[in-house]
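Me: I would like to learn how to read a strand and a chain-to-chain interface in a model. Please go through it step by step.

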Amino acid sequence: MKKQTYQYAESPFNMSRREFITIGGIVIALLALPAVWIRSGIAKRNSYIRARTKGLYTDDTQSKVRVSHGNTAVSKMYTDFAQHPLSEISEELFHTHHYINRRAA
Amino acid sequence: MIVLDKTYQKGEYPGVIAIDPGLCKGCDACRRHCPTGAITGMFGAVHSIDIAECINCGQCLINCPFGAPYETVDPIDMVISKLKDKSIMVVGIIAPAVRVAIGEEFGLPAGKLATKKMYGAMRKAGFEILDNNFAADLTIMEEGTEFIQRARHALFNEESEHGHIGPLPQFTSCCPAWVRFVELYYPVLLPNLSTAKSPQQMAGAVAKTYGAMHVWNKAPVKIFTVGIMPCTAKKFEASRPEFNSAYQYLAKEGKAGASASYPDVDAVLTTRDLSTVLKKMNIDLAHEKETDGGTLLAEYTGAGTIFGNTGGVMEAALRTAHKVLTGEEMKPLEFKKVRGFKGVKAVSVPLMDKKYDKKVTVNVAVVNGLRGNIKPVLDDVVQGRSPYHFIEVMNCPGGCVNGGGQPIQKNGSSWLEAAMPWFAWK
């Protein structure tokens, strides 16, 4: 029987240091993607609250009068009807003294 | 339906939110948003709300991924029937935070300011407009004056013409969930709450007295006031039996027009409810004409409109307090330090009190999101070591713009409901 010769050397696989770093970088970036998605998802989650808040501040800056004591309709209400803040009518209609202790029997 | 519970007065809605056991998956999301721990049930088991502890804020409702919590008070059909009754004038009291959120129900982007479209749509539906921002300005006049009175009493021993002067710090009283929270958990601090009613209740009282007599010339009994609120707790607030001051005032003058008492605010619609009303009447808000409010009571200022944001009440109050104390307008008007989403925001404001010619430093704090933020602040006040003079508290994180009655955002944590049809077993 003829004696066989085997070569057990592995097939040559050459990878430079640069290639290794590049491929490794891509793999890690793919692994990190879901984390980025989750984080941006959480950041976006409450964006509507921010948007509504901004909307109201825009309404404020757009207003011609921006202070409550400058509201002419309120001052007219006081001159025609309720006199002034904390007047007798104001106390009766705009204030309450009915806060209650709800644990009291 | 009325089950009287010991933490409710006679006539009040005993809790306005309940959990549908058929929809609850026991995921505990609601528990992580509940400010009082009123939700009971083990993880994985069906949860339920203990109405004795609940302050009706609705945070569980807007944050549930399965849409299990629902409102037990539904005035939609009643309001529509009143709108169709021509003998009755329906007055819509529009809260500030509604105008930047209602558009979401009609396909407009979140935060789109839709005041004029809303006026247009509501007037088409038959509402008269009373902008609650008008009442917010009125609140600042009343609550701000009250604060100056309390501060001058504490600092300079000034006495009032009539009535008792409350202690400092003064808490705001606009948020009905917060008021009920104090009534339930810190009754010792009740004297510190501002006696000023919330804008909604002031608006109701104005509509049926001044509005009836001077603006609309209508009998008060023919006026049906509807609060349009970003809030579920407002439904509870309007049902509080003491809030019939318009009736009491008119009865004294002999002008009440009815022998039975009527409330200042007859019904409350949340932002979601109003969009349902408009949709049932085939009105598409997004494509409505832009109109004005039409009455004197729809006039409002920038200070009134920021009430819907956390820090807004404080900022508006400081603008007016600055004018009253120093005689000059605040410059700049924006007070950025009370803005933003931090749980507790504290600022010191140096002011000159012209009347006494003395410098005073006003320490203010703004709390939003009761859960996790309020306890240290209140414990300091109870123990008498709180540095603050004026504290604004809003139950919901971010203020009323994130209230329990606002449109539910699927990109919030309620996204699961939208994703469910994709699964075969659903």
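Predicted model: local features only at pLDDT ≥ 70, side-chain atom pairs only at ≥ 80, totals over all residues.

Reply: Residues are numbered from 1 along each chain as its sequence is written, and chains are lettered from A in the order in which they are written.

Me: Is strand β5 (residues 89-94) of chain B buried or exposed?

Reply: A residue is buried if 20 or more other C-beta atoms, placed from the backbone, lie within 10 Å of its own, and exposed if 12 or fewer do. In β5(B), a DSSP run of E of at least two residues, 6 of the 6 residues are buried.

Me: Which way do the residues of β5(B) point?

Reply: In a regular strand the side chains alternate between the two faces of the sheet. Here M89(B), V91(B) and I93(B) point one way, and V90(B), G92(B) and I94(B) the other.

Me: Which strands pair with β5(B)?

Reply: Pairing requires at least two DSSP bridges between two strands. Strand β8 (residues 223-229) of chain B is parallel to β5(B), over 6 bridges, with M89(B) bridged to I223(B). Strand β6 (residues 127-131) of chain B also runs parallel, joined by 5 bridges.

Me: How many residues of chain A are in contact with chain B?

Reply: Contact means C-beta atoms, placed from the backbone, within 7 Å. By that rule, 46 residues of chain A touch 62 residues of chain B. The largest share of chain A's side, 13 residues, comes from α2(A).

How values were computed: Contact = placed C-beta atoms within 7 Å. Helix = DSSP H or I, 4+ residues; strand = E, 2+ residues; numbered from the N terminus.
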